[in-house]
Amino acid sequence: MKIATWNVNSLSVRLPQVLAWLAANPVDALGLQELKLTDDKFPHDAFKEAGYEAVAFGQKTYNGVAILSRHPMTDVVRNIPAHEDAQARVIIATLGTPTGPLRLINGYFVNGQEPGSEKFAYKMRWLQALQDLVRAEMTAHPRLALVGDFNVAPEDRDSYDPVGLRETIHHTTEERNHFKALLELGLTDSFRMFEQPEKIYSWWDYRMLGFQKNRGLRIDHILVSEALRSSVTACVVDRAPRKNPQPSDHAPVVVTLE
């Protein structure tokens with residue numbers, strides 16, 4: 001079984017790339033972020049033809065998240081119930097997998113802009129609300145995965161320039177502490193369960209040949225609960241879609257479960 005996450009940076013632009021990737025990589029479930037379209041524009045028929053049921057939570061121009069699944073989905077939740085928010089950032093569903101129900105939380109985490117800004121303060125509030133949500137969800141659903149664009153590079157090795165970018169957005173102690181707090185709830189960063197090559201990232205700036213020079217960050221993650229941890233056999237970043245014409249600035253991350 002495979003679960004993936006991918007910030008597509010506009011599904012209307014990237015739909016052909018997503019369909020092509022799914023045809024070549026028939027994962028069981030895919031969390032999408034930054035749809036940048038409203039629910040009435042979501043391409044349910046295209047994904048159904050590709051073999052996927054979809055649930056979406058969209059927003060015009062900004063944000064937006066969706067889950068695609070080859071398995072039935074139930075108990076869908078949109079956004080963080082206890083956190084009032086006008087932005088479409090979270091969608092949750094239970095997947096009826098052959099090995100039992102799996103709760104999937106897909107999030108487009110707040111960027112935060114820069115430390116000290118109101119957007120950064122919003123990010124801190126949002127991350128705290130997310131922790132509370134995940135804690136409650138894990139109590140009800142032991143088999144749980146949290147996926148998405150976290151907008152946090154958890155460690156220095158997750159950044160192409162950890163010294164020059166120290167305490168800038170995605171690298172601040174506050175953001176990294178929130179990431180650690182998620183792990184302390186009982187989640188594991190599936191990518192770091194394995195020996196990985198150096199300088200593996202999931203996002204590269206469009207500007208200044210960011211991808212070509214591998215000036216990237218690892219900010220897209222798949223965290224798994226203790227009940228899933230023993231079944232994880234691999235986690236990789238698929239750089240291939242970032243080489244496409246007119247690509248997203250993010251690459252898919254894929255975890256394999258026994």
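Visitor: Asn151, buried or exposed?
Guide: Asn151 is buried, at 4% relative accessibility. Buried is under 20% relative accessible area, exposed is over 50%, and partly exposed is in between, using a 1.4 Å probe and protein chains only. This is a predicted model, in which local features need pLDDT of at least 70 and side-chain atom pairs count only at pLDDT 80 or more, while totals for chains, interfaces and linings use all residues. Residues are numbered from 1 along each chain as its sequence is written, and side-chain values use heavy atoms, with hydrogens and water left out.

Visitor: Where is the place of Asn151?
Guide: Asn151 sits in the loop between strand 8 and helix 4. Helices (H or I, at least four residues) and strands (E, at least two) are DSSP runs, numbered from the N terminus.

Visitor: And what is phi of Asn151?
Guide: Phi is near 55° there, a positive value in a residue other than glycine. Most residues other than glycine have a negative phi. Glu167 also has a positive phi, near 65°. Glu167 lies in the loop between strand 8 and helix 4 and is partly exposed, with 39% relative accessibility.

Visitor: How many of the residues of strand 8 are buried?
Guide: Six of the six, so strand 8 is largely enclosed by the rest of the structure.

Visitor: In which sense do strand 7 and strand 8 pair?
Guide: They pair in the parallel sense, over six bridges. Two strands count as paired if DSSP finds at least two bridges between them. Leu104, for instance, has Ala145 of strand 8 as its bridge partner.

Visitor: Which residues of the largest nonpolar core touch the most other members?
Guide: Ile3, Ile67, Leu95, Leu102, Leu104 and Val255, out of 31 residues in that core. A nonpolar core is a set of buried Ala, Val, Leu, Ile, Met, Phe, Trp, Tyr and Cys residues joined through side-chain atoms within 4.5 Å. Strands that each supply at least two residues of this core include strand 6 (90–97), strand 7 (100–108), strand 8 (144–149) and strand 14 (253–257). Apart from it lies another core, of 25 residues, among them Trp126, Phe179, Leu187 and Leu223.

Visitor: What is Val255 in contact with, leaving aside neighbours within four places in sequence?
Guide: Met1, Lys2, Ile3, Ser190, Ile222, Val232, Ala234 and Cys235. Contact means heavy atoms within 4.5 Å.

Visitor: Switching topic. How many aromatic pairs?
Guide: The structure has six. Rings of Phe, Tyr and Trp (its six-membered ring) pair if their centres lie within 6.5 Å; planes under 30 degrees apart are stacked, over 60 edge-to-face, the rest tilted. Phe109, Trp126, Phe150 and Phe179 make up one aromatic cluster.

Visitor: Which residues are buried in helix 4?
Guide: Glu175, Arg176, His178, Phe179, Ala181 and Leu182. The buried residues of helix 4 pack against helix 3 (118–140), strand 8, strand 9 (187–189) and strand 12.

Visitor: What should helix 4 span?
Guide: 16 Å for its 12 residues (173–184), and the end C-alpha atoms are 16 Å apart, which agrees. The expected span is 1.5 Å times one less than the number of residues. Helix 4 is followed by Gly186, whose phi is positive, near 115°.

Visitor: How many salt bridges does a search of the whole structure find?
Guide: It finds 12. A salt bridge is a side-chain nitrogen of Lys or Arg within 4 Å of a carboxyl oxygen of Asp or Glu. Arg218 and Asp158 meet in one, at 2.7 Å from N to O. That pair links distant parts of the chain, 60 residues apart: Arg218 is in the loop between strand 11 (216–217) and strand 12, and Asp158 is in the loop between strand 8 and helix 4.

Visitor: Asp158, buried or exposed?
Guide: Asp158 is buried, with a relative accessible area of 0%, and Arg218 is buried at 1%. Salt bridges with shared partners join Asp158, Asp189, Arg192 and Arg218 into one network.

Visitor: What does Arg125 form a salt bridge with?
Guide: Glu118, with the closest N and O atoms 3.1 Å apart. Arg125 is partly exposed at 43% relative accessible area, whereas Glu118 is exposed at 53%.
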